[in-house]
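Have your viewer open and your selection tool ready.

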Amino acid sequence: MNKSELVASMAEKSNLTKKDTEVALNAFIQTVEESLAQDEKVQLVGFGTFEVRQRKAREGRNPRNPEEVIHIPASKAPVFRAGKALKEIVNK
């Protein structure tokens, strides 16, 4: 499912126009992005949690030249952790 298909499905289920639904979806995405940029968690009970995790610096190998060791710097990564209710729906 891509974004336009998601908007169409949400509009149908909420009885909103596609335009209003897309504005709401974009606002949700922007709010989650801003919260994660400030290292805040976004918890949606029953659905899941969006959070930022720290990745440590590490050594890696160049796949084209396995003898070459490269340094991979520390970074932050956004992570989604599914909630119990979502896991149960998916595993039915």
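**First stop: a hairpin**

Start by selecting strand β3 (residues 58-62) and strand β4 (residues 65-72), which pair in the antiparallel sense over 5 bridges. Strands here are DSSP runs of E with at least two residues, helices are runs of H or I with at least four, and both are numbered from the N terminus. Two strands pair if DSSP finds at least two bridges between them. Follow the chain from β3 to β4 and you pass through a hairpin of 2 residues. Now click on Arg-58: opposite this residue, in β4, stands Ile-72.

A quick note on what you are viewing: this is a predicted model, in which local features need pLDDT of at least 70 and side-chain atom pairs count only at pLDDT 80 or more, while totals for chains, interfaces and linings use all residues. Residues are numbered from 1 along each chain as its sequence is written, and side-chain values use heavy atoms, with hydrogens and water left out.

Next, select Glu-51, which sits in strand β2 (residues 48-55). Is Glu-51 buried or exposed? With 9% relative accessibility, Glu-51 counts as buried (buried is under 20% relative accessible area, exposed over 50%, partly exposed in between, using a 1.4 Å probe and protein chains only).

Which residues form salt bridges with Glu-51? Show the side chains of these partners (a salt bridge is a side-chain nitrogen of Lys or Arg within 4 Å of a carboxyl oxygen of Asp or Glu):

- Lys-41, with the closest N and O atoms 3.8 Å apart; Lys-41 is in the loop between α2 and β1 (42-44), 10 residues from Glu-51.
- Arg-53, with closest N and O atoms at 3.3 Å; Arg-53 is partly exposed at 40% relative accessibility.
- Arg-81, with closest N and O atoms at 3.6 Å; because Arg-81 lies in strand β5 (residues 75-82) and Glu-51 in strand β2, this pair ties together parts that are 30 residues apart in sequence.

Through shared partners, these salt bridges join Lys-41, Glu-51, Arg-53 and Arg-81 into one network. The whole structure holds 4 salt bridges.

Stay in strand β5 and pick Pro-78. Pro-78 is exposed, with a relative accessible area of 65%. Leaving out residues up to four places away in sequence, Pro-78 touches Leu-36 and Glu-51 (contact means heavy atoms within 4.5 Å).

Now select Phe-28, Phe-47, Phe-50 and Phe-80, which form one aromatic cluster. Rings of Phe, Tyr and Trp (its six-membered ring) pair if their centres lie within 6.5 Å; planes under 30 degrees apart count as stacked, over 60 as edge-to-face and the rest as tilted. The structure has 3 aromatic pairs. One of them is Phe-28 with Phe-50, edge-to-face at 6.4 Å centre to centre and 70° between the planes. Phe-28 lies in helix α2 and Phe-50 in strand β2, so this pair ties together parts 22 residues apart in sequence. Phe-50 is buried at 17%, whereas Phe-28 is partly exposed at 36%.

Move on to Phe-47 and Phe-80: their ring centres are 5.4 Å apart and their planes at 50°, so the pair is tilted.
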